[in-house]
Amino acid sequence: MTENPSEGVSPSAASAGKSSETGRKKRGKLGRPTPKDAISGLVTGLFSIPEGMAYATIGGFSAPMGLWSGIVPTILGSMFARTVLMITTLTSAIALSAKSVLTDAGLDPGDIGAVAMLTIMVGLAMLALGLLKLGSVMSFVSTAVMTGFTAGIAVQIVAGVMKDATGYDSDSSNTVGKLIDSAIHIASWDPWSVAVAIGTVAVWAVVRLIPRLTSLATLIALLVVTVIVAIAKIDVELVSDIADVPRSLPPLTLPDLSAIPSLAVGAVAIALVALAQAAGIGASVPNPDGSRSDASKDFTAQGLANIGGGFFAALPTGGSLSRTGIATSSGAMTRWAGIFAGLWLLIIVVTIGPLAGLIPMPVIGGLLLVIGGELVVGRIPDMKLVWRTSALSAFAMVLTFVATTGLPLQVAIFFGAGVSIVLYAAQASKQGRIVRLIRSDTGDWSVAELPTSFPENQTTVLHYAGSGFFAEVNRLESEWPEATSGHHAAIVLSLREGAGIPSATFLKSLDAKLEKWHQDGIEVVLCGVSDTLRDHLAKDGTVKRLSDAIIPQTPSIIGNLDAAYELAEQRRTENSAP
């Protein structure tokens, strides 16, 4: 959600590689690295320096932790992910969410033990979701909610870096309040900080105009402006003023077990934020070997990445679309691209790590302004689509945006999930309908207008199309035809593909209808009844009441209807005989 949506995925990554059969044979194995993987890993590792440090900074964490988050987690994530080119690392949404969780728990983001515990707990939550095969649940988070959440994150990013980009530190604790306060106090902005931030954006924009350098625009902008600031000796805040970048391996960190109770709920929220971000990568980045992605396996991989990373000073991590886009556009062919990315970053940090301390904070601020802007621009098509779709979807998008900018992120993600469920329920309640089916002389069945009452001396065939969801039952009550006693009528009620997950409300309503029709002397035959639905009907006595007038679902749709119709006609005729 907080990744750069404009970073494309190389078309060659989707078409290159071996056949699907070969991919299945290699599934779960590392395979052989290629020279392209090594080059892609180098570019991705270099890119992880500014982006990782920037994301750690906006979360209020030590900048080096952004570097450590791109080493162990990235290597482990790439080793186990079913989406083989997915890069697991720190993202801005995760960094902001982690800061929010720690702050609400009364813990200091500088407390390494608490951070380690949080990272491990996030990993355990992801691992549990993966082992429970719950990857499909992410499809229930609607586009409207995701769009509002992403737009809110973009505003959070911009508000969070106003100090770095302008030199003015707002006292407001509210996201929108920070932006307004910064705008009001424009006279207090530091001219040199603003100039460096604007210069960074300008260099980035110019480099983006060169197609071959598009994926390196962020890295080039960082290097060029950093060198200019150093040579010109411009007096702005540097990364080294905040924290030293050690030339060392990721330090071994031990989790603070006492923090578990206060972090439990927040860890689950961060896991959902991270998994929601990564959910779209599998669809956007097909596996080059032709094998299929598996969201649940990706959950497990990200869980293992966080559990391992927690012991090596890493912040919580998840699948990163921008870093994945960098890897694929740089020629990634196998999961080794991600492994190399972690290894190259480690080598760079160990050999020339302290040089990263020379990076000016306004440069990072400028780059994050770019990322926030791109995030909004990349979501504009989705915003337009949601706005055109329905008033309810638009309302959900705006509501989620307000929640994201006004509430802690771990609360906002639960809020967004709740809104998605409400949207799903509202849409599901509108799907159910009752239609009449009429058989032609040729034996075909066609849809006809639903009668207001059941015709005399004939069999009426009705088809219920719905899920059995309780919210649709009351709406459909007024659509059923009226029944009048003594009409010698019969009913065939087709439930094929309907009421697959019937609610108690649906079963109660159906039972009441059957009872009313029975009292009116109307013969009823149910057809297309699945085994699951039959079990439900057996428990409330419906099967016993209808005796052998329940025809199970068969592969033949027309044959199913024909058999039910003939049985209903036979019963109606026998019942109407003097």
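**Exercise 1. Locate Lys233 and state its phi and its exposure.**

Step 1. Lys233 sits in the loop between H12 and helix H13 (239–242). Helices are DSSP runs of H or I with at least four residues, strands are runs of E with at least two, and both are numbered from the N terminus.

Step 2. Its phi is positive, about 55°, although Lys233 is not a glycine.

Step 3. Lys233 is exposed, with a relative accessible area of 73%. Exposed means over 50% relative accessible area, buried under 20%, and partly exposed in between (1.4 Å probe, protein chains only).

The model is predicted: local features need pLDDT of at least 70, side-chain atom pairs count only at pLDDT 80 or more, and totals for chains, interfaces and linings use all residues. Residues are numbered from 1 along each chain as its sequence is written, and side-chain values use heavy atoms, with hydrogens and water left out.

**Exercise 2. Do the like for Lys133.**

Step 1. Read its phi: near 60°, positive in a residue other than glycine.

Step 2. Check the cover. Lys133 is exposed, at 53% relative accessible area.

**Exercise 3. Find the span of H11 and the partners of its buried residues.**

Step 1. Helix H11 covers residues 191–208, 18 residues. The expected span is 1.5 Å times one less than the number of residues.

Step 2. From first C-alpha to last, H11 reaches 26 Å, close to the 26 Å expected.

Step 3. List its buried residues: Ser193, Val194, Val196, Ala197, Thr200, Trp204 and Val207. An α-helix has 3.6 residues a turn, so residues three or four places apart point the same way.

Step 4. The buried residues of H11 pack against helix H9 (162–166), helix H12 (217–232) and helix H19 (361–389).

**Exercise 4. Describe the largest pocket and its lining.**

Step 1. The largest pocket holds about 800 Å³ of space. A pocket is an open set of points on a 1 Å grid over the protein atoms alone, where a 1.4 Å probe fits, with protein on both sides within 12 Å along at least five of seven lines; lining residues have an atom within 4 Å of a point. Its volume is the space filled by probe spheres set on the points.

Step 2. The lining has 30 residues; Ile58, Leu96, Lys99, Gly160 and Lys178 lie nearest the centre.

Step 3. Elements giving two or more residues include helix H3 (35–58), helix H6 (92–104) and helix H8 (143–160). H6 gives the most, with 5 residues.

Note on methods. Contact = heavy atoms within 4.5 Å.
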